[in-house]
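Here is a short briefing on the structure below. Keep the model open while reading.

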Amino acid sequence: MDSRINLLNFDPEGLCDYIASLQEKPFRAKQLMRWVHQRGEADIAQMSDLAKTFRATLAEKACVSALPVISDQQASDGTRKWLLDVADGNAVEMVYIPEDDRGTLCISSQAGCAVNCSFCSTGKQGFSRNLTLGEIIGQLWLAEHTLRKEPGAVKRIDGYDGTVIDEHESRVISNVVMMGMGEPLLNYEPVVGAMRLMLSDNAYGLSRRRVTLSTSGVVPMMDRLANDLPVALAVSLHAPNDALRDELVPINKKYPLKELMAACMRYLPFAPRDFLTFEYCMLDGVNDSDQHAKELVDLLKRIPCKLNLIPFNPFPGSGLHKSSPSRVQDFAKRLMDAGIITTVRKTRGDDIAAACGQLAGDVKDRTNVKQRMQVVKIDKGVTRS
Ligand code: SAH
Ligand code: SF4
């Protein structure tokens with residue numbers, strides 16, 4: 001087993017401490033961060049502006065290692081979905097969604113999830129374990145540097161600090177959403193550490209409004225996030241009253257709507273662009289009636305926000321169905337007529353993102369990921385699992 005320290009596991013401060021422990025000057029941490037995160041260099045020997053002796057010492061003690069890829073699928077619209085091996089028969093998903101004006105990466109924070117929302121494939125798998133900081137930021141590292149090397153990759157942002165230093169530093173991923181598998185606020189420290197790297201000018205240099213954390217509503221952690229690293233916040237609502245939300249999003253029993261909405265109000269002054277996003281998964285006959293729309297208006301009308309209606313992505317055994325497109329449109333109109341900015345999430349790439357958890361669920365059904373690795377093939381025509 002490799003006993004070396006994985007450099008992906010350090011947030012900016014942690015890397016400075018590590019470098020200090022090796023009796024090196026602090027600016028070495030900056031250089032190292034640039035090599036690893038900006039240039040995607042995994043071979044310490046190639047880091048040419050570090051002294052040869054330091055490179056040799058470091059290569060003995062440390063490495064750069066991302067999660068192994070089990071499968072890599074590309075849809076015809078360019079959406080890309082990777083399945084990553086987190087050992088012990090578990091896997092997590094990561095999805096890249098290219099659009100005209102941006103490239104968004106959706107990443108996972110946990111293998112499985114303990115919140116157990118009734119409409120979520122990840123929740124149905126139960127909780128396996130928290131991902132480490134390295135496994136979280138390693139997803140962005142892997143996707144960015146894989147995509148960047150591909151011919152025809154669309155560069156979204158020129159260079160770090162707004163200046164083009166060289167061709168290798170033009171980025172493909174312009175936005176990150178913590179909307180993959182897991183509840184990010186129940187894996188707080190590693191998630192915040194990874195987001196610090198996303199925002200660091202020596203790493204991915206993304207602005208706070210280009211990093212979105214989606215939560216089912218872990219109230220105390222929302223307050224901590226406002227204080228520590230107030231990135232854009234998306235709150236998974238899915239129901240306009242406690243009785244229904246208790247059923248759909250069980251964490252509501254612990255942090256009911258009144259407390260959740262109060263936490264949202266407290267977050268607002270810290271939120272980039274001064275608004276929050278609410279997500280609402282449209283479930284046929286469950287949360288999509290005119291009465292639900294009315295209750296939702298009452299709940300949201302005093303809070304600056306955007307409401308994102310997500311067509312439910314069905315999966316086997318859920319027993320739930322998606323609302324018809326006309327129902328979704330009518331529901332959206334009622335909200336908009338009441339002055340609430342409402343969007344309906346497009347299917348296509350987003351469809352794969354919303355179904356996050358399904359592929360990994362298939363893996364968990366088998367005891368051995370290696371066995372799975374032999375049967376999953378790269379399928380260039382697949383639009384979703
Ligand atoms: N745990 C966090 C982030 C991951 S889930 C959260 O719940 O917010 C990301 C989003 O996908 C959430 O809004 C979630 O409610 C939604 N989602 C989960 N399963 C879905 C499904 N089957 N169809 C549509 N949206 C789903
Ligand atoms: Fe967990 Fe989010 Fe799925 Fe709920 S919707 S089970 S919080 S991943």
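UniProt, in an unreviewed entry, places the feature "binding site" at Gly 182, Glu 183, Ser 214, Ser 236, Leu 237, His 238 and Asn 313. The model is predicted. The points below take up some of these residues and then the sheet.

**Annotated residues**
- Glu 183 sits in the loop between β9 and α6.
- Glu 183 has a relative accessible area of 3%, under the 20% cut-off, so Glu 183 counts as buried.
- Contacts of Glu 183 beyond four places in sequence are Ser 109, Gln 110, Cys 113, Val 115, Ser 214, Thr 215, Ser 216 and Val 218. One of them, Ser 214, is also on the UniProt "binding site" list.
- His 238 lies in the loop between β11 and α8 (242–248).
- His 238 is buried too, with a relative accessible area of 5%.
- Beyond four places in sequence, His 238 touches residues including Phe 119, Glu 279, Tyr 280 and Asn 287.

**Strands β10 and β11**
- β10 (residues 211–215) and β11 (residues 232–236) pair in the parallel sense over four bridges.
- Ser 214 has Ala 234 in β11 as its bridge partner.

**The sheet**
- The open sheet has 10 strands with mixed pairing, in the order β3-β4-β5-β6-β9-β10-β11-β12-β13-β14.
- β3 (69–74) and β14 (341–344) are the edge strands; each has a single partner, so one side of each lacks a neighbour in the sheet.
- On average, neighbouring strands are turned by 20 degrees against each other, direction ignored.

**Helices on the sheet**
- α6 (residues 188–199) lies across β9 (175–178) and β10, at about 160 degrees to β10.
- α11 (residues 325–337) packs on the sheet and touches β12 (276–282), β13 (305–311) and β14. The direction of α11 makes about 165 degrees with that of β14.

Methods:
Residues numbered from 1 in each chain as written. Chains lettered and ligands numbered in written order. Predicted model: local features only at pLDDT ≥ 70, side-chain atom pairs only at ≥ 80, totals over all residues. Heavy atoms only, no water. Pairing = 2+ DSSP bridges. Helix = DSSP H or I, 4+ residues; strand = E, 2+ residues; numbered from the N terminus. Axes fitted to C-alpha atoms, helices over the stretch in contact; angles between N-to-C directions. Contact = heavy atoms within 4.5 Å. UniProt positions renumbered as here; feature names shortened; annotations may be inferred. Buried < 20%, exposed > 50% of the residue type's maximum accessible area, 1.4 Å probe, protein only.
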